[in-house]
Amino acid sequence: MSQLQDNFGRRFHYLRMSVTDVCNFKCSYCLPDGYHPDGKPKFLDLNEIENLVGAFAEVGTQKIRITGGEPTLRKDFTDIIRVVKANEKISTIATTTNGYRLAKHAKEWFDAGLRRINISVDSLDPRMFYQITGENKFDDVMRGVDAALAAGFERVKINAVLLKGLNDKDLPRFLHWIKHTPIDLRFIELMETGLGRDYFQQHHLAGSDIKSQLLQEGWTLDKAAIDDGPAQNFSHDEFKGRVGLIMPYEKNFCASCNRLRVSAKGKLHLCLFTEHGVELRDLLQQRAQRDELITRLHGQLQTKKETHYLHDGITGITKHLASIGG
Ligand code: SAM
Ligand code: SF4
């Protein structure tokens, strides 16, 4: 089967698969009022996930990130990892988590086949962590980070959303942490969502400010590796960890796009900023539907736009990233 490719020559070997919209945190930039179910949600089950992974693997997907909501709240989270792992074409299984259940389960997930993990830690100051996430769980999450480091993951990444007026003074503390700890820090520029322009304008901080600071302090920009996607990564001889910047508002951000997203209810999102997903669930019920599903995927890829047009003030606003996994 031919690989998924769009009209701009981009190939898609990376799938972000959301498995739930539910979350137990109330991050001020994502779900400030917490998760509210909309009707009786029914998220993709293991059979649907197996069929989804099977079809994507057939057309070139090699890496799958299991995300959410908070993916680890799924009772069958370990089984989800196993289902993905059972597909030999998938070489990398990753997840993004708020770290809430990590201390207890890091080893179990690693043994099931999980190899990369991104943990969201928006501040190293426990009070600020609480203020941003709405949960007084800093110590639990940090115990989870330690457990992940001990479990043997290929990469432990820490995601922090850059927030003016909240964690913008935290850079020295983060850098101090990775001096002797092999962690990849990832600073993500705040993206505008359905929360509205006010929150965005109040807290958006350009990643380019951090970039200048890093370059001044002797960090150097790494050559992009094939699976880096749109992140810019920096290293420094005196630090064990690395720093990555995700700057979706920068020109050319979309040129290296290598990822597709499927929501927890089975909709394909060609871009984080598209308003509507494309239904896949009707074709996820049986293995025999695979060819039809693949034909739909190829067809949809032809409609993927070159860029998200954020620079032109078109937000394509997603209600919040918990609904399609960030
Ligand atoms: N609950 C998990 C977590 O927080 O790690 C996974 C889902 S969360 C939607 C995935 C990532 O998106 C997190 O690192 C989170 O910080 C980030 N995120 C959420 N809303 C965002 C926004 N408006 N702008 C930038 N990043 C955002
Ligand atoms: Fe939950 Fe993650 Fe959103 Fe925070 S960023 S509210 S942890 S889904």
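At what angle do helix 2 and helix 3 pack, and how far apart are their axes? Before the answer, the ground rules. This is a predicted model, where local features need pLDDT of at least 70 and side-chain atom pairs count only at pLDDT 80 or more, while totals for chains, interfaces and linings use all residues. Residues are numbered from 1 along each chain as its sequence is written, chains are lettered from A and ligands numbered from 1 in the order in which they are written, and side-chain values use heavy atoms, with hydrogens and water left out.

Now the answer. Helix 2, residues 77-85, packs against helix 3, residues 102-112, at about 20 degrees, with the axes 8 Å apart. Helix 2 is therefore roughly parallel to helix 3. Angles under 35 degrees count as roughly parallel, over 145 as roughly antiparallel, 65 to 115 as roughly perpendicular, and the rest as oblique. Axes here are lines fitted to C-alpha atoms, for helices over the stretch in contact, and the angles run from 0 to 180 degrees between N-to-C directions. Helices are DSSP runs of H or I with at least four residues, strands are E runs of at least two, and both are numbered from the N terminus.

On the helix 2 side, the contact is made by Phe77, Thr78, Ile81, Arg82 and Lys85, and on the helix 3 side by Glu108, Trp109 and Ala112. Contact means heavy atoms within 4.5 Å. By class, that contact of helix 2 with helix 3 has 4 nonpolar, 1 polar and 3 charged residues. For the classes, Ala, Val, Leu, Ile, Met, Phe, Trp, Tyr, Cys and Pro are nonpolar, Asp, Glu, Lys and Arg are charged, and the others, Gly among them, are polar.

Helix 2 also meets helix 1, residues 46-58: the axes come within 9 Å and cross at roughly 30 degrees. That makes helix 1 roughly parallel to helix 2. Leu46, Ile49, Glu50 and Val53 of helix 1 meet Asp79, Ile80, Val83 and Val84 of helix 2. This contact of helix 1 with helix 2 has 6 nonpolar, no polar and 2 charged residues.

Helix 1 has another partner, helix 9, residues 290-301, at an angle of about 60 degrees with axes 10 Å apart. Helix 1 is therefore oblique to helix 9.

On to the ligands. Which residues are closest to ligand 1? Of the 20 residues around ligand 1, the closest are Tyr29, Gly69, Ser120, Asn159 and Met191. A residue counts as near if one of its heavy atoms lies within 4 Å. An N or O atom in the side chain of Ser120 is 2.6 Å from an oxygen atom of ligand 1. For Met191, a backbone N or O atom lies 2.9 Å from a nitrogen atom of ligand 1.

Key
A polar contact is a pair of N or O atoms within 3.5 Å; within protein, one must be able to donate a hydrogen and the other to accept it, and residues adjacent in sequence count only if both atoms are side-chain atoms.
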